[in-house]
Amino acid sequence: MKDRYKILLLITAVISALAVLIIYVAFDKYFNEVYKHNAELSILESKKDFLKFTVDNQIIRIEEEIAYEESLLEDLKNEISLILDSLPTANSTELINFCRRYTETRVHEGAWTFVVWDNRTSKILYDPAGLIRGINAAAELEKAKEMFAVYGIKEFGSSALFYGVKHDVIDQKVKKKIATEIHNSKFPLDSYIWINEVVNYEGGDNYAIRRVHPNLKDTEGMFLSTEMKDIKGATPYLTELEGIKKDGEIFFSYHFKKKTEDRIAEKLTYAKLYKRYNWIIAFGMHLEDMAKYTKRTEEQSKGIIAKLTLVLAALIALLMFVSHAAIVYLENRYHKQRRKEFEDAASIDPTTGAITRRTAEQFLTEELDRFGQGGSGTAFIMVDMDNLKTINDTYGHDAGDEILKNTVDTIKAQIRLEDKIFRWGGDEFVIACRGLRIENAVSVCEKWVKAVRESGIDHDGNRISTTVSMGISYFRPDDKESTDVIDRADEAMYRAKRGGKNRVELAL
């Protein structure tokens, strides 16, 4: 009998061991497949968000650069107007000589179009660009105005002068600068931005021109065809064009050479049309570069499932609940971690929506270089909240986070599209405003201070508001480090605090 129990115990042990082994293998395979699949989906969605954000941000950069160039030319137009105002009695010969001298000596040689005509007869007296083709100068110029980004008209007795810069001049300058920026850009995981210019939306041979391609610089300028195929026989240019025509944007994948290796791999791409230039701006990442994230997921899941399976041998019913709960928890944690990584990569502070300090430091370096090359001055404003600690202590950190975001949102509503606001640290922010004149800086910032003071949030039945102190500074010729201007702005901000807070101080 004793031996019988021993045998029964042995059989039970063997059966239990086999049951544990079967359960382990079954659960290991099932959970690994589910976990891996969900992780891959999450990573793919995060990748798509990053690709779209990068392309949208590039389009914003183009618009900012166009606006910047137009503002420079508007200033130059006003300068020409002041010069012409000093020649109230100028005759047609003097006007023509002025036009010739200006186009020959200015740094914007070739950019400006000048036309001089007789007001009485509408006869063209000077038109080197051949702008007027008819006999009525005034009527022809009225039609031609839409071709110009900036222009002015001055009358001098019997003579009149038209001067302006065409959109095409600005566009060519912006295109060249954007191409240089893209070539100099650095992105993770062997990724880059490229641009194709559509010349025929019907497709076919020579339907587009490759304008910018960091991976294939030698082919820039070549014509493309929608008949081109990758190594798998797919027609990516046709797929891209059809998606652009239908929705203005598209996600798609195809096989293409890697940037850092002489090897072809599948690539996930987002493309969007910038209609003004007929540019298809695209950004892509090779799908195999996601393998390391998936491998990490598999390693984590194997260790976790092994422990869960041991518990399942004793309490199968309980383990079913625990394993599902654990998987859901780990998936949520993994998703949040991945999204945070891509938010950081996209340089956006998740609490406030401001740009991160890492991006701010890079921007400061670029601005110092631009300043050293004669670029227009940029105002840097250090912003510090006056009573965030009191709000945190009184209402809790959730309320503090809300008032931080409200402050950033309020300032964003006041500043221009091309201005930038960075989170420098804690409750400190830095605003960068290109072209903000020194004489206007204090009054502009005082409006922002007032806007913050008059805003607020409702939290748990309480109305909470705050104030900010601001310090302004600009780059100086003797600045050695990009952060020198921030140090001065910081000192000015502390002067504002010492002076009673809710104020603005300037340090030059």
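## The end of helix α9

Gly-396 follows helix α9 and has a positive phi, near 100°. Helices here are DSSP runs of H or I with at least four residues, strands are E runs of at least two, and both are numbered from the N terminus. This is a predicted model: local features need pLDDT of at least 70, side-chain atom pairs count only at pLDDT 80 or more, and totals for chains, interfaces and linings use all residues. Residues are numbered from 1 along each chain as its sequence is written, and side-chain values use heavy atoms, with hydrogens and water left out.

Helix α9 covers residues 388-395. Leu-388, Ile-391 and Asn-392 are buried in α9. They span an arc of only 100° around the axis, so they sit on the same side of α9. That arc is taken from the directions from the helix axis to the C-beta atoms. An α-helix has 3.6 residues a turn, so residues three or four places apart point the same way.

Lys-389, Thr-390, Asp-393 and Thr-394 are exposed on the other side of α9. Buried means under 20% relative accessible area, exposed means over 50%, and partly exposed lies in between (1.4 Å probe, protein chains only). The buried residues of α9 pack against β11 (378-385), α10 (397-414) and β15 (462-464).

## A buried Glu-240

Glu-240 belongs to helix α5, residues 236-247. Glu-240 is buried yet has no salt bridge. A salt bridge needs a side-chain nitrogen of Lys or Arg within 4 Å of a carboxyl oxygen of Asp or Glu. The nearest side chain of opposite charge is Arg-210, 9.2 Å away. For charge, Lys and Arg count as positive and Asp and Glu as negative, while His and the chain ends are not counted.

What touches Glu-240, leaving aside its neighbours within four places in sequence? Its contacts are Asn-196, Tyr-207, Ile-250, Phe-252, Ala-271, Ile-280 and Ala-282. Contact means heavy atoms within 4.5 Å.

## Trp-424 in strand β12

Strand β12 (residues 420-425) holds Trp-424. Trp-424 is buried, at 9% relative accessible area. Between Trp-424 and Arg-358 lie 66 residues in sequence and 8.9 Å in space, C-alpha to C-alpha.

Neighbours within four places in sequence aside, Trp-424 has contacts that include Arg-357, Ala-360, Glu-361 and Leu-364. Met-382, Phe-429, Val-430 and Ile-486 also touch Trp-424.

## Salt bridges

The whole structure has 30 salt bridges. One of them joins the side chains of Lys-154 and Asp-85 (2.6 Å, N to O). This pair links distant parts of the chain, 69 residues apart: Lys-154 is in strand β3 (residues 148-156) and Asp-85 is in helix α1. Lys-154 is buried, at 18% relative accessible area. Asp-85 is partly exposed, at 44%.

Arg-120 and Asp-118 form another salt bridge (3.3 Å, N to O). Arg-120 is exposed at 67% relative accessible area, whereas Asp-118 is buried at 12%. Glu-142 and Lys-145 also meet in a salt bridge (3.0 Å, N to O). Lys-145 counts as buried, with 18% relative accessibility. Salt bridges with shared partners join Arg-61, Glu-64, Glu-65, Lys-177, Glu-181 and Lys-420 into one network.
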